[in-house]
Amino acid sequence: MFATGNTDRTCRIWDVRNLLQPVAALEGNATAISSISFTSDGRFMAMCEDVDFVHVYDVQDAFRREQEIDLFGHVSGLSFSPDTEYLFISVSIDTVPTLLSYQRRHRIYHYLDSMN
């Protein structure tokens, strides 16, 4: 499985065994999808728009569960830590570069496990 970011505000998920049709088409809010990252265990995928929005999806739930992070500024990239515990987001507000760090929240019930 791999993902492509597009200027039409969509992220398309593809299965390498069948490239005729995407598995899913995820929509952004405002601008092109500029960066995409999967966790090393394949559980979560994050995509960011050029400005203001980052979306985190539960891959195992067929991308139905999403958390949206609403920021202010140009989002220049994102990445998960190798141990899947952190999501790092690079944001530039005017000329001030900023690195945001979000830690994964673990709850008692496995199905409520999400990024926060």
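How many bridges pair strand β2 with β3, and in which sense, parallel or antiparallel? I looked up β2 (residues 10–14) and found four bridges to β3, in the antiparallel sense.

**Ground rules.** I am reading a predicted model, where local features need pLDDT of at least 70, side-chain atom pairs count only at pLDDT 80 or more, and totals for chains, interfaces and linings use all residues. Residues are numbered from 1 along each chain as its sequence is written, and side-chain values use heavy atoms, without hydrogens and water. Strands are DSSP runs (E, at least two residues), numbered from the N terminus. Two strands pair if DSSP finds at least two bridges between them.

**The sheet.** I traced three strands in an open, antiparallel sheet, ordered β1-β2-β3. β1 (2–5) and β3 (24–27) are the edges; each has a single partner strand, so one side of each lacks a neighbour in the sheet.

**Around β2.** I checked β1 next: β1 and β2 also pair over four bridges, antiparallel. They form a hairpin with four residues between them. Arg-9, in the turn, has a positive phi of about 70°. Thr-10 stands opposite Glu-27 in β3.

**Confidence.** I noted a mean pLDDT of 89 for the protein, on the predictor's per-residue confidence scale from 0 to 100. Among the elements, β2 has the highest mean (97) and β10 (residues 114–115) the lowest (46). Over residues 109–116 the pLDDT is below 50. Where pLDDT is low, the predicted coordinates should not be read in detail.

Technical notes:
Contact means heavy atoms within 4.5 Å.
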